[in-house]
Structures are given as structure tokens and as C-alpha cells.
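Q: Can you walk me through this structure? I'd like the overall fold, then a couple of residues.

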Amino acid sequence: MNVWSKQSVFLSLRQEKKFEDALLKAKSAANLDLSSYNAWWEVALCNSELKNTDAALETFINTLELSEDFSYGWAADGKVLEAVGKRGEAIEALEKVLEAD
């Protein structure tokens with residue numbers, strides 16, 4: 001099964017708010033193609049929903065390293081940074097939203 005066929009599965013699971021199952025599928029997809037920013041994005045979103053903030057921040061970094069102009073990624077990263085009290089870093093991430101896409 002390739003990344004794209006797995007993507008519909010973890011998207012459906014995330015929409016159904018089955019975040020732990022979606023996270024497992026997204027991690028599997030990311031491991032199939034380490035350069036897929038979409039797969040890392042899904043891993044990061046699931047981690048964020050599950051309040052795994054350290055893992056969410058790490059996987060948002062992976063996503064943004066693969067796609068530096070991904071404004072949704074910068075916005076979500078900024079949101080998590082703000083939630084953990086890293087206001088300065090959150091502001092920097094949100095400023096990148098304006099530069100991206």
C-alpha cells in the first residue's frame with residue numbers, strides 16, 4: 001500500500017475523531033515515504049489533537065522542513081507553540097504564515 005492509498009484512510013479516521021488510529025496509519029504512511037510532508041502533517045495534526053505537544057512540535061518541524069512554504073503548517077505550529085507558552089517562537093511561526101504560499 002502506498003502513501004496516497006493510506007492517506008484516505010487516516011483522513012477518514014481523523015475526521016471521525018479516531019485520532020489514535022489515524023496516528024498509527026499516518027506514521028505508517030510517513031515511514032513509507034519519509035519525504036512526504038502530507039504524511040508528516042497528518043502525524044502532527046493527530047499528535048496535536050491527542051495533546052502530545054512534544055511529538056506534535058517535532059512532527060510539525062518535520063513537515064515544515066519538507067515544505068517550508070506550507071502556511072497551514074506554520075499556523076498549526078504557532079498554535080501549539082502558543083499553547084505551551086513559547087510565545088516568541090509562536091509569533092515567529094505565525095509571521096512565516098504571511099511569507100508562505
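A: Going along the sequence, this predicted model follows the pattern α-α-α-α-α-α. That makes six helices and zero strands.

Q: How does the radius of gyration of the chain sit against the globule rule?
A: The radius of gyration is 13 Å, close to the 13 Å that the rule gives for 101 residues, so the chain is as compact as a globular protein of that length.

Q: And what box do the C-alpha atoms fill?
A: Along the principal axes, the box is roughly 40 × 25 × 20 Å.

Q: What share of the residues is buried?
A: Buried residues account for 40% of the 101 in the chain.

Q: What about the surface: how much of the accessible area belongs to carbon and sulfur atoms?
A: Carbon and sulfur atoms hold 50% of an accessible surface of about 6100 Å².

Q: Charges next. How many positive and negative ones are there, and how far apart are their mean positions?
A: The chain has 11 positive and 18 negative charges, and their mean positions lie 8 Å apart.

Q: Of the contacts between residues at least 6 apart in sequence, what fraction join residues at least 24 apart?
A: That fraction is 43%.

Q: Let's move to helix H3. What span should its residues give, and what does the model show?
A: H3 covers residues 37-49, and at 1.5 Å a residue its 13 residues should span 18 Å. The end C-alpha atoms are 18 Å apart, so the two agree.

Q: Which residues of H3 are buried?
A: The buried ones are Ala 39, Trp 40, Trp 41, Glu 42, Val 43, Ala 44, Leu 45, Cys 46 and Asn 47.

Q: Glu 42 is on that list. What is its relative accessible area?
A: Glu 42 has a relative accessible area of 3%. The cut-off for buried is under 20%, so Glu 42 counts as buried.

Q: What does Glu 42 contact, leaving aside neighbours within four places in sequence?
A: Glu 42 is in contact with Phe 10, Leu 11, Arg 14 and Ala 26.

Q: What happens just after H3?
A: Lys 51 takes a positive phi there, about 65 degrees. Asn 52 is in the loop between H3 and helix H4, residues 53-66.

Q: How exposed is Asn 52, and which residues does it touch beyond four places in sequence?
A: Asn 52 is partly exposed, at 32% relative accessible area. Beyond its sequence neighbours within four places, Asn 52 contacts Leu 23 and Asn 47.

Q: And how far is Asn 52 from Ala 30?
A: The two are 17 Å apart, C-alpha to C-alpha, and 22 residues apart in sequence.

Technical notes. Residues are numbered from 1 along each chain as its sequence is written. This is a predicted model: local features need pLDDT of at least 70, side-chain atom pairs count only at pLDDT 80 or more; totals for chains, interfaces and linings use all residues. Side-chain values use heavy atoms; hydrogens and water are left out. Helices (H or I, at least four residues) and strands (E, at least two) are DSSP runs, numbered from the N terminus. The radius of gyration is taken over C-alpha atoms; the globule rule is 2.2 Å times the number of residues to the power 0.38. Buried means under 20% relative accessible area, exposed over 50%, partly exposed in between (1.4 Å probe, protein chains only). Contact means heavy atoms within 4.5 Å. Accessible areas come from the Shrake-Rupley method with a 1.4 Å probe; for residues, only the protein chains shown count as cover. Lys and Arg count as positive and Asp and Glu as negative; His and the chain ends are not counted. The place of a charge is taken as NZ of Lys, CZ of Arg, CG of Asp or CD of Glu. The expected span of a helix is 1.5 Å times one less than its number of residues.
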